[in-house]
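Q: Hey, I've just opened this one and could use a quick tour. Can we start with the ligand and its site?

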Amino acid sequence: MTPHKLVPLISEEQIQQKTKELALRISQDYRDKDLLMVGILKGAWVFMADLIRRLTVPVKCDFVSVSSYGLNTESSGRVKILLDLSQPIKKKDVLLIEDIVDTGLTLKCLIENLWLRKPNSLKVCALLDKPSRRSKPIVLDYMGFTVPNKFIVGYGIDYAEQYRNLPYIGYLRI
Ligand code: IMP
Ligand code: MG
């Protein structure tokens, strides 16, 4: 069906182990907080689904969907909110869940937008970090794996809407 070769990078077991570790840290850090996890659609939902089931603290969930503005994005650093939060986040402890951080533009713009709504705290949990293309410095409070500058797919992450269902993470050799 596809001319791309899929090269495995991170196994299902490695992902589950990391998810467990991250959930443990988050559970400790948010023990006395009002945790609201905000998943960035669509890439983050598989990771977030596994992560919340490992938490030992109460959690509420919400989602945003963003898209880049196309060619202007790299220079303007703007993203467009396609689906906004369903509730105010004032005084909440917001933890943004992202699949993969590449240039950092998406997160930078979203973080600026969300701070204007006056949350009590705002942190970021990203499953994958692709630091080689970073143009905006981003603090990743919780991070799973560093990946090379390849086209990553699987475990929620797509190429042209395909491969989200893979239980592991790989890259496409195009
Ligand atoms: P940014 O460059 O950090 O703004 O990343 C923008 C978005 O592109 C991320 O939220 C991912 O959903 C997506 N993305 C970045 N790198 C990859 C990749 O290797 N495979 C699939 N999606 C990616
Ligand atoms: Mg994403």
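This is a predicted model: local features need pLDDT of at least 70, side-chain atom pairs count only at pLDDT 80 or more; totals for chains, interfaces and linings use all residues.

Q: OK, which elements give two or more residues to the shell around ligand 1?
A: Those are β5 (93–101), α4 (105–115) and β8 (151–153). The top contributor is β5, which gives four residues to that shell.

Q: And which residues come nearest to ligand 1?
A: There are 15 residues around ligand 1, and the nearest of them are E98, T103, G104, T106 and I152.

Q: What does the backbone of I152 do with ligand 1?
A: A polar backbone atom of I152 sits 2.7 Å from a nitrogen atom of ligand 1.

Q: And how about oxygen atoms of ligand 1, say with D102 or G104?
A: With D102, a polar backbone atom is 2.8 Å from an oxygen atom of ligand 1. With G104, a backbone N or O atom is 2.8 Å from an oxygen atom of the ligand.

Q: How much of ligand 1 does the protein bury?
A: The protein buries 80% of the 490 Å² that ligand 1 exposes when taken alone.

Q: Back to the largest pocket, what's its volume?
A: About 820 Å³. It is lined by 33 residues, and E98, D99, I100, D102 and T106 are the closest to its centre.

Q: Which elements supply at least two residues of that lining?
A: β2 (35–41), β3 (60–68), α3 (73–76), β4 (79–83), β5, α4 and β8 each do.

Q: And how does the lining divide by class?
A: The lining of the largest pocket has 12 nonpolar, 10 polar and 11 charged residues.

Q: Changing topic to the backbone: what's up with the peptide bond from L41 to K42?
A: That bond is cis, with omega near -5°.

Q: Where does K42 lie?
A: K42 is in the loop between β2 and α2 (45–52).

Q: Last one, what is phi for K91?
A: K91 has a positive phi, about 70°, even though K91 is not a glycine.

Q: And which loop is K91 in?
A: K91 belongs to the loop between β4 and β5.

Note on methods:
Residues are numbered from 1 along each chain as its sequence is written. Chains are lettered from A and ligands numbered from 1 in the order in which they are written. Side-chain values use heavy atoms; hydrogens and water are left out. A residue is near a molecule or strand if one of its heavy atoms lies within 4 Å of it. A polar contact is a pair of N or O atoms within 3.5 Å; within protein, one must be able to donate a hydrogen and the other to accept it, and residues adjacent in sequence count only if both atoms are side-chain atoms. Accessible areas come from the Shrake-Rupley method with a 1.4 Å probe; for residues, only the protein chains shown count as cover. On a 1 Å grid over the protein atoms alone, a cavity is a set of points where a 1.4 Å probe fits but cannot get out, and a pocket is an open set with protein on both sides within 12 Å along at least five of seven lines; lining residues have an atom within 4 Å of a point. Grid points are joined across faces, edges and corners, and a volume is the space filled by probe spheres set on the points. Ala, Val, Leu, Ile, Met, Phe, Trp, Tyr, Cys and Pro count as nonpolar, Asp, Glu, Lys and Arg as charged, and the others, Gly among them, as polar.
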